[in-house]
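Welcome! Here is a short tour of one protein model, written for someone new to reading structures. Keep the 3D view open as you go.

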Amino acid sequence: MRIFISLLLSFAILHAYDFNTSRLATSSVSKWQDADSQIQHFIIQNDKVFKEKFFPLFNQPFSIVSEEEKAKFQIPKLNYTREDIRVVMTYTKYLIDQNRTEEIPEIYVNVIDGINRANSGNSVITLVFKIVINNLTLKSLEYDIAYLKQEEKAKLLSKTPRLFELSLAEFDATLERSIKALVGEYQSILLIDMFPKERAEKIGTALEQKMLNVYHKSIELKEAKEREGFVQKYKSDAKSFLEKYTAEVNYLKRTIAQYYNDTESLKELNQTQITTLGNVSNEVIVDMFFYTQFWINFMETREDCAKVIELNQKMIKALRHQ
């Protein structure tokens, strides 16, 4: 559970800026004159320290997690946010306005190199982070290319000939590892609070197999409508299941919330009429885990990954264009 809760929170935690960061979404992909005046003021004021301020963050996008931390299901700490990237990509628009485009390739190389070197490991969060940063950076580059001189394009390509190195194979492998880690985390809850070890292991094995089978089936679908229908069926089945087993699901959620000392979730969950899952079948318990998490959304995230890979190829061709 912690893996997916953290995912939802990871991009909501921003570094402090003295302006409305929501306006960065447009300023990073449009001309300097259209940027909000507060953003312009911040960038001009920090012109001389941009490299010093941001390049160290880009060199190591997220902290390295040790094997011991992985065993405890710890996740890497993200060292910068999408808003930080948008600030720097807005800065390139300032450099264009100031006729200082020779400084732009180094910025893109720094961001791209940092992300390419960063190992996603077992964390879906860091992989989603990479997809988000890839997308924001490429969309900014798509705007900037028209203003770069040929030698500046060549410099960028010489340093990062493939631009971002993201692949669907990396996405699939990372998600599979994360599913296994998630099930391992669930098993620790089952072992500690609910069932004998043997039963907990049976439930964990069945859950992992079910999640992996469904994911593998989803990525075999070639048509977008088929994939959309697949996800919608899952959500419909989940709704029916959760309505049928409301008390049991609430009891499970309360147990997990207690395990993590999640007081906010405990406040939201009503007391249930059951006091044990001992009489509930293994199949129902597997489905309770299967239908109460956000993992299915990563089928849709895979579509985003594919679109970023396509945009990356488009930008390589644009940089090579004479």
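N99 counts as exposed, because its relative accessibility is 66% and the cut-off for exposed is over 50%. Keep in mind as you look around that this is a predicted model. You can find N99 in the loop between α6 (82-97) and α7 (104-117). Its backbone is worth a look too: the phi of N99 is near 55°, a positive value in a residue other than glycine.

Now turn to L163, in the loop between α9 (150-159) and α10. L163 is not a glycine, yet it has a positive phi of about 55°. Is L163 buried or exposed? L163 has a relative accessible area of 1%, so it is buried; the cut-off for that word is under 20%.

Next, pick out helix α8, which covers residues 124-144 and has 21 residues. From its first C-alpha to its last, α8 reaches 30 Å, close to the 30 Å expected at 1.5 Å a residue.

How many of the residues of α8 are buried? The count is 17 of its 21 residues, and α8 is mostly covered.

## Helix α10 beside helix α11

Let us move on to a pair of helices. Helix α10 takes in residues 168-194, and helix α11 takes in residues 197-220. Their axes are 9 Å apart, and the two helices pack at an angle of about 155°. Angles over 145 degrees count as roughly antiparallel, and α10 and α11 are therefore roughly antiparallel to each other. Their crossing is right-handed. What kinds of residues make up the contact of α10 with α11? They divide into 15 nonpolar, four polar and six charged.

V183 has a relative accessible area of 2%, so it is buried. Leaving aside residues up to four places away in sequence, V183 touches G204, L207, E208 and M211. Take G204 from that list: V183 and G204 are 21 residues apart in sequence, while in space they are 6.0 Å apart, C-alpha to C-alpha.

## Helix α10 beside helix α16

Helix α10 also packs with helix α16 (residues 297-320), with their axes 10 Å apart and an angle of about 155° between them. That angle makes α10 roughly antiparallel to α16. Here, too, look at the handedness: α10 passes α16 in a right-handed crossing. Which residues meet here? From α10 come L168, F171, D172 and L175, and they meet F298, T301, R302, C305, A306 and I309 in α16. Sorted by class, the contact of α10 with α16 has seven nonpolar residues, one polar residue and two charged residues.

Is R302 buried or exposed? With a relative accessible area of 18%, R302 is buried, since the cut-off is under 20%. Not counting residues up to four places away in sequence, R302 touches L168, F171, D172, Y215 and I219.

Technical notes:
Residues are numbered from 1 along each chain as its sequence is written. This is a predicted model: local features need pLDDT of at least 70, side-chain atom pairs count only at pLDDT 80 or more; totals for chains, interfaces and linings use all residues. Side-chain values use heavy atoms; hydrogens and water are left out. Axes are lines fitted to C-alpha atoms, for helices over the stretch in contact, and angles run from 0 to 180 degrees between N-to-C directions. Helices (H or I, at least four residues) and strands (E, at least two) are DSSP runs, numbered from the N terminus. Angles under 35 degrees count as roughly parallel, over 145 as roughly antiparallel, 65 to 115 as roughly perpendicular and the rest as oblique. A crossing is left-handed if the near helix is turned anticlockwise from the far one by less than a right angle, and right-handed if clockwise. Ala, Val, Leu, Ile, Met, Phe, Trp, Tyr, Cys and Pro count as nonpolar, Asp, Glu, Lys and Arg as charged, and the others, Gly among them, as polar. Contact means heavy atoms within 4.5 Å. Buried means under 20% relative accessible area, exposed over 50%, partly exposed in between (1.4 Å probe, protein chains only). The expected span of a helix is 1.5 Å times one less than its number of residues.
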